Amino acid sequence: MFSEKANKIFQEVIEKYHVVNTVDQPFTNVYDKDTNLLEHLLYRKCWIDTVQWHYEDIIRDPQIDPVAALKLKRQIDASNQDRTDMVEYIDSYFLEKYKDVSVKENATINTESPAWGVDRLSILALKVYHMHEEATREDASEAHREACQKKLDILLEQRVDLSIAIDTLLNDIANGDKYMKVYKQMKMYNDDELNPVLRSQK
């Protein structure tokens, strides 16, 4: 099943990141784009999410230098754009894969595209990893560990449900019971023609 492959790759990425455990470490995709395109896209997607997860931790430091915070905010903005781009690349993969499917007359559209479900699955993998850390942290109180274990149990259940939902959606698309219709994000704040503040600087 697709979700089994995705969850395995996401775990692989997160564990790889935490070997060095720094946001500025070099990135190498272990999957070749030409021979394993889907795996390549999933690996890159989760790496972006993992780095951004840690950006978000750093910027919440109440003692952070304001100049450093502004620089980090720019990095988060760029990461968000990369994340959105990767979602669109993954959806393009699925559009190509299912382009010859005969869509049934009564087929329906889903509330989100497959890749946005994948986006949530990648973030969920990060929540599971870090909640497990908290549930097993030896210097935390027993009450803290127990509370985090309960949250972890819910996250694990949520991952099962989301995985089933994504696999069901892809199966429905493959059978023509659902069809894909992808809308570009059309983000306005990064565009110097659409963001009035950026436009005024030209």
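## Starting at Lys151

Lys151 sits in helix H5; helices here are DSSP runs of H or I with at least four residues, strands are runs of E with at least two, and both are numbered from the N terminus. With a relative accessible area of 48%, Lys151 is partly exposed. Lys151 is 14 residues from Arg137 in sequence, and their C-alpha atoms are 14 Å apart in space.

Before we go on, keep in mind that this is a predicted model, where local features need pLDDT of at least 70, side-chain atom pairs count only at pLDDT 80 or more, and totals for chains, interfaces and linings use all residues. Residues are numbered from 1 along each chain as its sequence is written, and side-chain values use heavy atoms, with hydrogens and water left out.

## The whole chain

How many helices and strands does the protein chain have? There are six helices and two strands, and reading along the sequence gives the pattern α-α-α-β-α-α-β-α. Along the principal axes, the C-alpha atoms fill a box of roughly 60 × 55 × 30 Å.

Of the 202 residues in the protein chain, 39% are buried. Take the contacts (heavy atoms within 4.5 Å) between residues at least 6 apart in sequence: 72% of them join residues at least 24 apart. The chain exposes about 12,400 Å², and carbon and sulfur atoms supply 52% of that; the areas come from the Shrake-Rupley method with a 1.4 Å probe, and for residues only the protein chains shown count as cover.

H5 covers residues 142-174, and its 33 residues should span 48 Å at 1.5 Å a residue; the end C-alpha atoms are 48 Å apart, so the two agree. The expected span is 1.5 Å times one less than the number of residues. After H5 comes Gly176, with a positive phi near 85 degrees.

The buried residues of H5 include Cys148, Leu152, Leu155, Arg159 and Leu162. An α-helix has 3.6 residues a turn, so residues three or four places apart point the same way. What do the buried residues of H5 pack against? Their partners are helix H1 (2-20), helix H3 (66-97), H4 and strand S2 (178-179).

Still, the structure holds zero disulfides, a disulfide being a pair of cysteine sulfur atoms within 2.5 Å.

Ile48 belongs to helix H2 (residues 37-59). Is Ile48 buried or exposed? Its relative accessibility is 6%, so Ile48 counts as buried. Leaving aside neighbours within four places in sequence, Ile48 is in contact with Ser79, Asp82, Arg83 and Met86. Asn80 is 32 residues away from Ile48 along the chain, yet their C-alpha atoms are separated by 8.6 Å.

Ser113 lies in a loop, between strand S1 (108-109) and helix H4 (114-135). Its relative accessibility is 11%, so Ser113 counts as buried too. Setting aside neighbours within four places in sequence, Ser113 is in contact with Asp91, Leu169 and Val182.

Note on methods: Buried means under 20% relative accessible area, exposed over 50%, partly exposed in between (1.4 Å probe, protein chains only).
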